[in-house]
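Colleague: I would like to learn how to read aromatic rings in a model. Could you take me through an example?

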Amino acid sequence: MIETVGKPERLRVNEIFHSLQGEADAVGYPTVFVRLTGCPLRCQYCDTEYAFHAGDWLDLEAIINTVRGYGAQHVCVTGGEPLAQPNCLRLLERLCDQGFKVSLETSGALDISAVDGRVSRVVDVKTPGSHEAARNRIDNFGLLTPQDQLKFVICSREDYDWSKAFLQEHALSGRTRVLFSPSYNQLSPSALADWILADRLPVRFQLQLHKVLWADTPGK
Ligand code: SF4
């Protein structure tokens with residue numbers, strides 16, 4: 001149980017919406033997304049800049065009731081950077097207690113050690129092409145399990161080569177599942193697929209399903 005005595009159990013929420021999971025292990029499942037406000041990073045390809053500042057303060061109870069109202073099994077807590085708000089940990093715990101299949105999308109820049117063990121953590125590795133590679137928190141890697149996933153968004157051939165070397169340097173392939181995704185409108189998906197196959201790289205290629213279906217429409 002996470003200690004919250006004296007702290008209001010609320011979070012600043014940018015949006016809550018129902019869509020198909022577009023990424024990672026639960027791709028394609030109807031999912032409720034809880035997008036929390038704020039992020040300390042500024043990746044050059046960010047597609048959720050609208051979540052940096054705007055949002056309403058909501059009690060955890062209200063958030064959970066809204067989530068429950070959609071009738072989906074899967075819940076994804078995302079951002080922004082959701083862990084930038086400490087009460088995110090409490091929300092994750094409460095959602096797990098309610099029996100939801102819970103995932104967390106995080107930038108990889110903040111400590112993931114206190115996240116409830118029932119949560120599937122999708123942790124970014126920021127490549128040089130993101131302009132935020134200095135923010136990767138190397139200490140997180142030792143905490144990853146096969147239930148988690150590491151996600152590289154690749155912007156160029158240079159990013160791909162860097163990512164390949166990074167996997168080897170930190171012995172990441174055997175530790176957790178690794179996803180390579182082309183940066184939307186910046187790298188040809190087929191080029192990335194060809195590089196992975198040519199190198200026999202033990203990673204999972206993914207396209208962002210929601211971008212294929214709805215491009216950059218917010219709330220999708
Ligand atoms: S970590 Fe995510 S939300 Fe934050 S700037 Fe990067 S892409 Fe955008």
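Colleague: How many aromatic pairs does the count come to?

Modeller: The model is a predicted one, and the count comes to seven aromatic pairs. In general, a pair of aromatic rings is described by the distance of the centres and the angle of the planes. Take Tyr 160 and Trp 195: their centres are 5.3 Å apart and their planes are at 50°, a tilted pair.

Colleague: Where in the chain do Tyr 160 and Trp 195 lie?

Modeller: Tyr 160 is in helix α3 (residues 157–169) and Trp 195 is in helix α4 (residues 189–198). They are 35 residues apart, so the pair links distant parts of the chain. Tyr 160 is buried, with a relative accessible area of 0%, and Trp 195 is buried at 17%.

Colleague: Why is the pair of Trp 162 and Phe 166 called stacked?

Modeller: Planes under 30 degrees apart count as stacked. The planes of Trp 162 and Phe 166 are at 25°, with the ring centres 4.7 Å apart, so this pair is stacked. The two residues are four apart in helix α3, which means about one helical turn separates them.

Colleague: Which residues form the aromatic cluster?

Modeller: Phe 141, Phe 152, Tyr 160, Trp 162, Phe 166, Phe 180 and Trp 195 form one cluster.

Colleague: Which charged residues lie over the face of a ring?

Modeller: Arg 42 lies over the face of Phe 52, 3.8 Å from the ring centre. Lys 211 lies over the face of Tyr 184, at 4.5 Å from the ring centre. Arg 42 and Phe 52 are also among the residues surrounding the ligand.

How values were computed: Residues numbered from 1 in each chain as written. Predicted model: local features only at pLDDT ≥ 70, side-chain atom pairs only at ≥ 80, totals over all residues. Heavy atoms only, no water. Near = heavy atom within 4 Å. Phe/Tyr/Trp six-rings, centres within 6.5 Å; stacked < 30°, edge-to-face > 60°. Buried < 20%, exposed > 50% of the residue type's maximum accessible area, 1.4 Å probe, protein only. Lys NZ or Arg CZ within 6 Å of the ring centre and 35° of its normal.
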